[in-house]
Amino acid sequence: MIQISIATNQQSSVSVFPLLDGSKLTSSGESIKSDSVVANFLAAGEHQGKYGAMRSVYLNDGRAMFVGTGETSKLNLHKLRTLAAKVGAKLNKNNVEQADIYLTELEITNASLADKVQAIAEGLWLGLYTFDTYQTQEKEAKTELASINIIVDGNVSEAKQALMAAQAIASGTIFARDLGNHPGNICTPEYLGDQAEALLHPKLKTTVLDKAAIEKAGFTALLAVNQGSDIEPRFIVMEYNGANNDDAPIALVGKGLTFDAGGISIKPAGQMDEMKFDMCGSAAVLGIFKAVTEMNLPINLLGVIPSTENLLGGSAYKPGDIITSYKGITIEILNTDAEGRVILSDALAYAAEQKPAEIIDFATLTGACVIALGGQATGLMGTSDDIKQGLITSGQKTHDRVWEMPMFEEYQEQIKSKIADIKNTGGREAGTITAACFLSRFVDDIPWAHLDIAGTAWNMKGTDISPVGGATGASVRLIVDYLRNKIEINPTVS
Ligand code: BES
Ligand code: MN
Ligand code: ZN
């Protein structure tokens, strides 16, 4: 991650000024308007302030880059975040090593200085993300962007706090992206366990169960899915105690399927490689833990991650099999490719046993969710209106958006089994919802929300703030905002 700092005046020879629609300037731009080079440039009218358009002019003592903001009345934090990402990419491409940016001067309805600093810093860090661990060829030598100063006029300590929060959020998001982007032969259940254990904080305790311990604990549904794989499963439990000991934690449960071939109900070959991303739910949980511990948020969290591959070995679980899950509920397997809900059943039941205040789970659970919502929103379901409303609000603020689907009682009919308690598929109709209905059987009466991130967890084309095609780190920004709203105080950042 590049260095980002808060400053109150010019630090670098490259400065980035907003150019509003109609070629209007903010105060920083106004202050250099009398320079003849700038005056000529503006008079030429080539740059009309179109959103994302960038042009540089060279002054005697440096360079001024003007970035178009589009219609100022349409600006919001998401557009600011994306604009910062575009600016970062452009500076990096143009071999700029250090620059000052004046984007906090933009007025955004209902956004504080802290909100703007956070959005700008997130955009820069996330937009400059790369994943080249496996590229051994040396790259063409070029000057890499190394540091940015966000110039602020106002409360500097508020801006610095916001920058530290953004750093924790970005590093959590990048951690989640990296975990997702590593291939299935590297990012195995054991690897996920090691990565969880490598997150260190005095108030964080992590326990990783290996296969023997999983057998002893009785996580039988996880073991059933693991039967087709030659590598061991893991069951990861993380406890972060940032608040009072007796405060019930918020439980975060993440699907950690390190590769999903579908099992005996095998998937088609096309794009099957993308099923290395089937552990992005667990990556979200780990990313959230990284961000929360870096911010020292005063909150208690319980993280639970069941992890395995879903393959087709000779001992693989089969369509028709009936499994007795950890909770005792029997599951008739009709499609071995509906494995996510199977492993989550044990993790949710375990989480519910710990009597958390609420449970939120994250899973690349259904292809149907990708069809319904595409990459623009995570599917939201659950039993708690409070949690759902909180997630919707945080989704709007962070642009890590969610969209609710109904969980009417009637949908539960679709997962009734003739010979077991429930079956693991509810047919093609409302596939995202019936998957959630299945999960709902394992959370007792603990307030619960389910996030189906199948469409949002990765994006092969890339976006401005997630430019490398691959894992996006979806749900890290969402949940950190949700947790901060719960705490209702500014985090004390270490
Ligand atoms: N991991 C997949 C869901 C998925 C598919 C996510 C494509 C993103 C893109 C999950 O394990 C799965 O295979 N679900 C099945 C369920 C079906 C068999 C009831 C699906 O969605 O097809
Ligand atoms: Mn599957
Ligand atoms: Zn899966």
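The structure is a predicted model, in which local features need pLDDT of at least 70 and side-chain atom pairs count only at pLDDT 80 or more, while totals for chains, interfaces and linings use all residues. Residues are numbered from 1 along each chain as its sequence is written, and side-chain values use heavy atoms, with hydrogens and water left out.

The domain assignment, taken from an automatic or database source, divides the chain into domain 1 (2–154) and domain 2 (168–493). Their centres, taken over C-alpha atoms, lie 37 Å apart. To the contact (heavy atoms within 4.5 Å), domain 1 contributes 18 residues and domain 2 contributes 19 residues.

Between them, the two domains bury about 1700 Å², of which 64% is on carbon and sulfur atoms; buried area is the accessible area (1.4 Å probe) that two parts lose on being put together, summed over both. In domain 1, the residues that lose the most area to domain 2 are Leu126, Tyr129 and Phe131, which together account for 41% of what that side buries.

Three salt bridges are found across the interface of domain 1 and domain 2, a salt bridge being a side-chain nitrogen of Lys or Arg within 4 Å of a carboxyl oxygen of Asp or Glu. Lys86 forms a salt bridge with Asp464, with 3.2 Å between the closest N and O atoms.

Ile266 lies in the loop between β11 (256–260) and α9 (280–295), where helices (H or I, at least four residues) and strands (E, at least two) are DSSP runs numbered from the N terminus. Together with Ile264 and Leu312, Ile266 forms a nonpolar patch on the surface, with about 250 Å² of accessible area in total. Patches are made of residues with over 30% relative accessible area and no salt bridge, like charges being joined within 9 Å and nonpolar side chains (Val, Leu, Ile, Met, Phe, Trp, Tyr) within 5 Å; accessible areas come from the Shrake-Rupley method with a 1.4 Å probe, and for residues only the protein chains shown count as cover.

Note on methods
Chains lettered and ligands numbered in written order.
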